[in-house]
Amino acid sequence: MGKNFILDCSSIIGNAEDVGRNDLENFGHVLGDVLSTVGFAYLTNHGFDLKKADKVYEVSKAFFELPNETKNKMRKPTGAASFHGYAGPGDETLNATSPNVANELREFFDVTGHKESNDKSLFPSEIPGFKKAIDEFRIESVNLAEKLLRCIALYLGLPEDELVKRHTHMRDRSVPTQSVIRSSMYSPLKTMPHVQIGNDGGEIRCGEHCDWHTISLLFQDLIGGLDIRTISGNWIEATPIENSIILISGDLLEIYSGGRLPATPHRVRILDDNKLTNKPRQSLVFAPSPDGFENVEPLLPIPGELKGKPKSIYGPQSYSKVNAHEWVHKRHSAAATY
């Protein structure tokens, strides 16, 4: 695996409001070039307090190990009334290309919605510190995401705050949004003897898809299993790099950028690997969307070669204006099977 998408973020370490424009712009050119030609980046020396992510892993693992009847107290409501809460294996189908995939073998807890994410009663009381861990992780994530959005805006030739001002919920928790923090658990395959290792249909860990939001900060343990589809169309293993964070472009960034920064397809397959068979895999995502009332459309002219022809086969199929809330809500609803 080449190193052209492993980016050293040391030049933008610090509080978002303290990082100088020149540093943001210089890093933005490197970041934008990678996102426009490869589609994702490993972020290293990022200054993120990874102890905050480790704490979310810890409380999440304790939750996922509870009996099903206890976890189901936090189960997401039916009818797309809210997407906050717990979902079990098979409750969501993300696969965008293989209709034969009937079951995605993972469970997860989503923290989303400006009301739900602030309501202590909607977090598992059986796990002390669950909400606190999420809230502290969010603070770290917001700081990094804000810097990255500023870098991306400058790369695109936009005012530095052009994207940040469309995501005011990151600093103001009262603003409606479809942003999400997702903590996922992939149980050891040895606990699922019915699963056929290396199968091509029927079951998968997480189906091929693009994220519905603006960007995603993806944290993964060292177990592995994630694949990412590069802009050239090749699937590559996103081998874990210790202490790194993976940045993935989402559907709404593709629209904002007029196709210059395509949404990045990714998946987690069932592989014949002793680590995946014998140990659980955990991942954690912070995926900010624009404020709920925000309309999303290209912020600069669409290049001639892209007009009417988005690069992503999984993401938006045109660059027409969409409403941020409706975009994410529609995709959540389509994926949900509960």
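1. Asn4 counts as exposed because its relative accessibility is 51% (buried is under 20% relative accessible area, exposed over 50%, partly exposed in between, with a 1.4 Å probe and protein chains only). Keep in mind that this is a predicted model, where local features need pLDDT of at least 70, side-chain atom pairs count only at pLDDT 80 or more, and totals for chains, interfaces and linings use all residues. Residues are numbered from 1 along each chain as its sequence is written, and side-chain values use heavy atoms, with hydrogens and water left out.

2. Asn4 sits in the segment before β1 (6-8) (strands are DSSP runs of E, at least two residues, and helices runs of H or I, at least four, numbered from the N terminus). Leaving aside residues up to four places away in sequence, Asn4 touches Val34 and Val38 (contact means heavy atoms within 4.5 Å).

3. On to the inside: there are three cavities of 30 Å³ or more. A cavity here is a set of points on a 1 Å grid over the protein atoms alone where a 1.4 Å probe fits but cannot get out, and lining residues have an atom within 4 Å of a point. Points are joined across faces, edges and corners, and volume is the space filled by probe spheres set on them.

4. The largest cavity comes out at about 340 Å³. Its lining has 24 residues, with Arg182, His209, Asp211, His266 and Val285 closest to the centre.

5. The second largest cavity has about 170 Å³. Of its 17 lining residues, Arg138, His169, Arg173, Thr177 and Ser179 are closest to the centre. β5 (107-112), α4 (130-155) and β6 each supply at least two lining residues.

Methods: 1 Å grid on protein atoms, 1.4 Å probe; cavity = no way out; pocket = protein on both sides within 12 Å on 5 of 7 lines; lining within 4 Å.
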